[in-house]
Amino acid sequence: MFKKVNFNFLAGIKSLCLVVLLFTAITVKAQTGNVKGQLQASAIGGLPGATVQIKNLGIAVFTDEKGYFELFKIPAGNQTLTITYLGYNTKEVAAVIKPGETTSLGIILLEENAKQLGTVVVDGTFDQGSESKAINQTKTSPVVVTIISAQSIGKLPTRNAAEAVRRAAGVSVQSNKGEGSFVSLRGTPIDWTATLVNGDRLPVADEENTSRSFEFEVLPSDLISSVSVTRTVTPDMEGDNIGGLINFQTWQAPDKRILKFNINGGWNFLAGKPLGQASATWGNRSKDGKFGFILNATYYGRNYAADAFRCAYSNNYNQAIASFELKKYNGFRSTVGFNGAWEYKFNDKFKVSSNLMMGYMTDNKQQKKVRYNYNDGSGKRVRLQSIHGLLVRQMYGGDLNFEWKANERWKVNFRAASYYNKFSYGNVPFKGKDPRNGYFFVEFISPLMYYADEDFIDYRTGAAASVNDPGVFIGKVIGDDNPYGTGDN
């Protein structure tokens, strides 16, 4: 007696193939491993943007901003890593890849290529490390970006963040009292540019500006380690960066001890008073490499003065002047900045870090104006104005970062940041403890008058006219605009 058994031949083949594929995947995974390490130069620390590739396999990766790299799914066995970096000798490193494990090569030191860089000795040694980092980051970036290093910023006198970014292509800077104030990218309006610090958007606050444009005078250049000017819009950027994006990186915890002092001074001949700048930077890392910190402080005080004029014409029918204003102003500006950062590595998988910064600027200015009104709503008058005000700008904030590397493929970052920006006026200048504040001016207005050097002009043609002409226009004309050719210069 036989029992009938149903057997699906195709289903059996599919099951067999699935088992074979799973076994193959497990076998391949078991026959591959990972390798990681950090590239450093003895003089400058970590090297970002270096190329690390497995020889003869075509597997490559770029190092991150601190020189770390990691390659995945490398065939097990003896492999050779080829490392290249601008200005340094190409290096080959042997590595033994173990199946299913991550091989750590630790710190790999590169040697400077003297034939490519050379050494310029001017009572010291010129260090091109910071510049090389910026060039490599620019070269390896997937978007159109310009990286400005701290070394480039320090080559020329740079007072604030706007002047630091001025040397990048496509950047236009508007100045205020001789200092960079607003930044525009690619010829767009100033409020089309997004401004960030360490990747966080900065709030805006200004005396007369209600747009999103940032006032850069409050951010000293000594707090900046690098500037990234991005002109390509990508989905991960701020939505209103139509013109572009500027990201300022403050100083981070170093890999080795740093101690710097900088003092310089000058003289403003128009004001007849001095100006000076001082900064200090101190940073270090513990012997076990787990804890690192950096502290940076800067002060910039300057006296300024200016003589200026403003001329307003009456209308489109003649060349007469409605008003002429002579201005003389002077003042004292002071900027104080602070930056602090720390980092603690619990192990290879978890670390926590924080960045703090502060900028505080005061502008104590006085203006004296003489205004000649030849044709306005209040009549022909002379106005004398004395203006005095204390302008205060302040910005502070920081961030807290947690980084957890679950395994060789997964990394989780948590970041919380907050920044505060404020513009205000100081107290009454002649009574420091008075809680009232504002921008104060005293004005003396003359009675109605007639000027002896006015001309009789035809309102319709602009030509000389008789006082009895019904179409006559009495106005003040200068230079060759005078129909008699004898205008005031």
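Reply: Tyrosine 396 is partly exposed, because its relative accessible area is 42% (buried is under 20%, exposed over 50%, partly exposed in between, with a 1.4 Å probe and protein chains only). The model is predicted: local features need pLDDT of at least 70, side-chain atom pairs count only at pLDDT 80 or more, and totals for chains, interfaces and linings use all residues. Numbering runs from 1 along each chain as its sequence is written, and side-chain values use heavy atoms, without hydrogens or water.

Now the rings. The whole structure holds 13 aromatic pairs (rings of Phe, Tyr and Trp, the last by its six-membered ring, with centres within 6.5 Å; planes under 30 degrees apart are stacked, over 60 edge-to-face, the rest tilted). Phenylalanine 291 and phenylalanine 293 make a stacked pair, at 6.2 Å between centres and 25° between planes. Phenylalanine 291 is partly exposed, at 34% relative accessible area. Tyrosine 396 pairs with tyrosine 420: the centres are 5.0 Å apart and the planes meet at 35°, so this pair is tilted. It links distant parts of the chain, 24 residues apart: tyrosine 396 is in strand β21 (residues 381-405) and tyrosine 420 in strand β22 (residues 411-425). Strands (E, at least two residues) and helices (H or I, at least four) are DSSP runs numbered from the N terminus. Tyrosine 420 is also partly exposed, at 35%. Elsewhere, ring pairs join Tyr344, Phe346, Phe350, Phe402 and Phe414 into a cluster.

Next, strand β19. Glutamate 343 lies in this strand, which covers residues 321-345. With a relative accessible area of 4%, glutamate 343 is buried. Its side chain makes a polar contact of 2.9 Å with that of lysine 66 (N or O atoms within 3.5 Å, one able to donate a hydrogen and the other to accept it; sequence neighbours count only if both atoms are side-chain atoms). Glutamate 343 and arginine 285 are joined by a side-chain polar contact of 2.9 Å. Leaving out residues up to four places away in sequence, glutamate 343 touches residues including Phe291, Lys290 and Ser353 (contact means heavy atoms within 4.5 Å).

Phenylalanine 338 sits in strand β19 too. It is partly exposed, at 32% relative accessible area.

Last, the whole chain. It has 5 helices and 25 strands. Of its 489 residues, 40% count as buried. Among contacts between residues at least 6 apart in sequence, 60% join residues at least 24 apart.
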